[in-house]
Amino acid sequence: MTQTTDLLVVGAGPYAYSAAALAREHGIDTHVVGQPMAFWRDQMPADMFLRSGPDWHLDGTGTYTFQAFFEDRGLRPEDHDPIPREVFLDYTEWFRKQTSLEIDQRLVTGLTQSDGRFEAALDDGSTISAEKVLAVPGIRHFVNLPEWYDDLPPDRRAHTSELVSFDDLAGARVVIIGGRQSAYEWAALLCDHGAERVDVVHRHPTPDFAKVSWAFVDPYVDQTLAQRGWWRQLSALDQQAIAAEFWKVGRLTLEPWLVPRLAPDVVTSHPGCTVVEVAPGERDVTLTLSDSTELTADHVVLASGYRADLAQVPYLAGVLDRVSVTDGFPDLSEGFETSLPGLYVTGFASTRDFGPFYGFTKGCPSSARIAVGEMLR
């Protein structure tokens, strides 16, 4: 049997929830396929915290916001600062129920298009036919790894998206490659779970740990809503200036609540360094740094972030030859539509054309408004 729908949303994370709920609000027959909040549930540590506050939410109508959730549950924001991952997951489930959003937990294994309609093959052998498709590929497809990754023994390496339980690393010597929030939060989590030593290696200077405001993002998102294609119309210098501001606040300044958990007798930072040699031993691995320091570790954690590459999304293989791509990013219209009419992409893969803020939950409501508005044009 083949189901039919006007809009098929592939993915069930924050960006998918936002767009699907708003599409239904505007009368578009919408079907969502995916594992609900799977990356957040399965590939983030249970005891991690958000960097954002309750002002970042999912609702394109501005009704079922994170702050509305706090009020509905009788929670005080000051009692949840920083916000635990579990509280955000509770909010997303509350949002799903408030918007009557149903999630089909089957997975899309392939996507094709013929005669102006898309056909999605599912993992149970059935198919869904749709006029339009919104693909929201999760960042798990876009893991960025160093060139020397394959030199590490498989049982002694993990990207941060793979390392979400730390009990097995009690008493271990761990090297973390990367110097952003995930690197230092994973270092804190390793301290919490009794690691013997944690070395954090990164190319840039040691970041500051200070309270920052993300409010600087608000006018950029407002501009994106007010002026179609605003980001791409900026000069390269203006884009670089905004990216530098984003880097300074979001990358070179980390959360102060990490500091008390970074035990100084356990955690050592190695700023301005890269790995130049990997030497596996029988039970450990030795990394030589660019300053000639040698670090012997039981486990290496890659806090190396993500890099968009649409070719790494398996279900898009059947249509990728018709989708224009630059440096791994889809070339998107001012309404998040790809070069294949009817196929839209939001989330991390849209950041080249819409700005770095669209890799964070801050971009959910506005991207939903823009994409759904485009579908209704």
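Alanine 279 lies in strand E13, which spans residues 275–280; helices (H or I, at least four residues) and strands (E, at least two) are here DSSP runs, numbered from the N terminus. The model is a predicted one, in which local features need pLDDT of at least 70 and side-chain atom pairs count only at pLDDT 80 or more, while totals for chains, interfaces and linings use all residues. Residues are numbered from 1 along each chain as its sequence is written, and side-chain values use heavy atoms, with hydrogens and water left out.

With a relative accessible area of 33%, alanine 279 is partly exposed, a class that falls between buried (under 20% relative accessible area) and exposed (over 50%), as computed with a 1.4 Å probe on protein chains only. Not counting residues up to four places away in sequence, alanine 279 touches Val285 and Thr286, where contact means heavy atoms within 4.5 Å. Its C-alpha atom is separated by 9.1 Å from that of threonine 296, 17 residues apart along the chain.

The largest nonpolar core has 108 residues, and those with the most contacts inside it are Ile176, Val198, Leu343 and Phe357; such a core is a set of buried Ala, Val, Leu, Ile, Met, Phe, Trp, Tyr and Cys residues joined through side-chain atoms within 4.5 Å. A second, separate core of 16 residues includes Cys273, Val285, Leu295 and Val300. In soluble globular proteins, nonpolar side chains tend to be buried together. Valine 198, leaving aside its neighbours within four places in sequence, is in contact with Val174, Ile176, Ala187, Leu190, Val266, Val267 and Thr268.

The structure holds zero disulfides, a disulfide being a pair of cysteine sulfur atoms within 2.5 Å. Cysteine 273 is in no disulfide, and the nearest cysteine sulfur, that of cysteine 191, is 19 Å away. Cysteine 273 counts as buried at 4% relative accessibility, and cysteine 364 is buried with a relative accessible area of 0%.

Turning to helix H3 (residues 66–73), one finds Phe66, Ala68, Phe69 and Phe70 buried, and the buried residues of H3 pack against helix H4 (85–98). Just after H3, glycine 74 takes a positive phi of about 70°.

A positive phi also occurs in the hairpin of strands E4 and E5, where two residues lie between the strands and aspartate 115 has a phi near 55°. Strand E4 (residues 108–114) and strand E5 (residues 117–122) pair in the antiparallel sense over six bridges, pairing requiring that DSSP find at least two bridges between two strands. Threonine 112 has glutamate 119, in E5, as its bridge partner.
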